[in-house]
Amino acid sequence: MGLLGFGGKSTVEVRFVNAADGSVIALSNMPPERLPETFAGMATTLDLSGQKWNVVSASPERKEEFTRAGKLTVTLSRVVVVDPQTLLFSLPTISNECGTPAGDAPPGPDVLSIHEDDWRQVEFVSKKLEAEIRAEIADIRRIRLETGEETDLGDGRKGMVFKKLHVRKRIPAPLEGCGLAAGDFAPFLPARTRFQGVGYLRARGIVPRSFGWVTEDLVPVWGVADEAGKAAVFCMHGRPNEGYAATLGAALAGFVEERGLFLVDWCREAMVGDEAGFRAYFA
């Protein structure tokens, strides 16, 4: 068997493994040139024996490593085709605009990792966009009333699922023209832990110009700056505990009134702009 660069083999033994049960789906000897330079951060679909599979992980990840070793294990999950007529959503709305991570940084303690569906679900929006806010909330309410149904979440808990999903498109730049910096929010949401940026759970990369921290009351807050360094998006995820809510609500009320903002919780159809509103929202 001839040798390649890096002391590698002319073929690589590739073992395809089912992520569901660890069973071997297929075993193949493949020339390195038919394999990618790296599996890191790749969203790849393979067709094996007429069945589509998504690549979950690979070991080793890089061509240099698996060429040298002559062995590669690729873990796959089966692609399940779902009838869209039976599909149910756990949320009534998501944002059309979603930050795209860049780079190859793995999830870690320096990255605030959020679920993709949580992107811009609770955010500060300029009061100049009140008409657009109300129009989006009306569409979300229609989804809730016309397609929402109660379901059993287990352990005796009930929740709502939805047959349709409203994708918000009217407000691509919620803080445009407000002239706010990330530091303007800090006095009201003081940081306990700061992060280098924001990414997604189980995904590599960081959203460019993103920032984030966890407050002293353990509420994650995060945002994205524009090219001038001003806050283009600023979001909260979760709510403070009962002992801190009244203090935070009063502080935020003064801030949003001074800077011309609403705190909008899209899934709850809430548009908060004064102290009474914050008291009700945090209750």
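Buried residues have under 20% relative accessible area, exposed residues over 50%, and partly exposed residues fall in between (1.4 Å probe, protein chains only). The model is predicted: local features need pLDDT of at least 70, side-chain atom pairs count only at pLDDT 80 or more, and totals for chains, interfaces and linings use all residues. Residues are numbered from 1 along each chain as its sequence is written, and side-chain values use heavy atoms, with hydrogens and water left out.

**View 1. Arg259 and Asp184 form a salt bridge between two helices.** A salt bridge is a side-chain nitrogen of Lys or Arg within 4 Å of a carboxyl oxygen of Asp or Glu. In this pair the closest N and O atoms are 4.0 Å apart. Arg259 lies in helix α4 (residues 242-259) and Asp184 in helix α3, so the bridge ties together parts that are 75 residues apart in sequence. Helices (H or I, at least four residues) and strands (E, at least two) are DSSP runs, numbered from the N terminus. Arg259 is partly exposed, with a relative accessible area of 29%, and Asp184 is also partly exposed, at 25%. Elsewhere, salt bridges that share partners join Glu61, Arg62, Asp104 and Arg204 into one network.

**View 2. Glu136 and Arg170 meet in a salt bridge.** The N to O separation is 3.0 Å. This pair links distant parts of the chain, 34 residues apart: Glu136 belongs to helix α2 (residues 130-147), whereas Arg170 sits in the loop between β11 (166-168) and α3 (182-185). Glu136 is buried, with a relative accessible area of 1%, while Arg170 counts as partly exposed at 39%.

View 3. A search of the whole structure finds 18 salt bridges. Side chains of opposite charge can pair when their charged atoms come close.

**View 4. The largest nonpolar core has 29 residues.** A nonpolar core is a set of buried Ala, Val, Leu, Ile, Met, Phe, Trp, Tyr and Cys residues joined through side-chain atoms within 4.5 Å. Phe124, Leu175, Phe185 and Phe234 have the most contacts inside this core. At least two residues each are supplied by several elements, including β8 (122-126), β16 (231-236) and α5 (275-282). Helix α4 gives the largest share, six residues. Leaving aside neighbours within four places in sequence, Phe185 is in contact (heavy atoms within 4.5 Å) with Phe124, Leu175, Leu180, Ala231, Phe234 and Phe255. Apart from this core lies another, of 14 residues, among them Met30, Phe39, Trp53 and Leu72. In soluble globular proteins, nonpolar side chains tend to be buried together.

View 5. Cys98 is partly exposed, with a relative accessible area of 33%. Cys267 is buried, with a relative accessible area of 16%.
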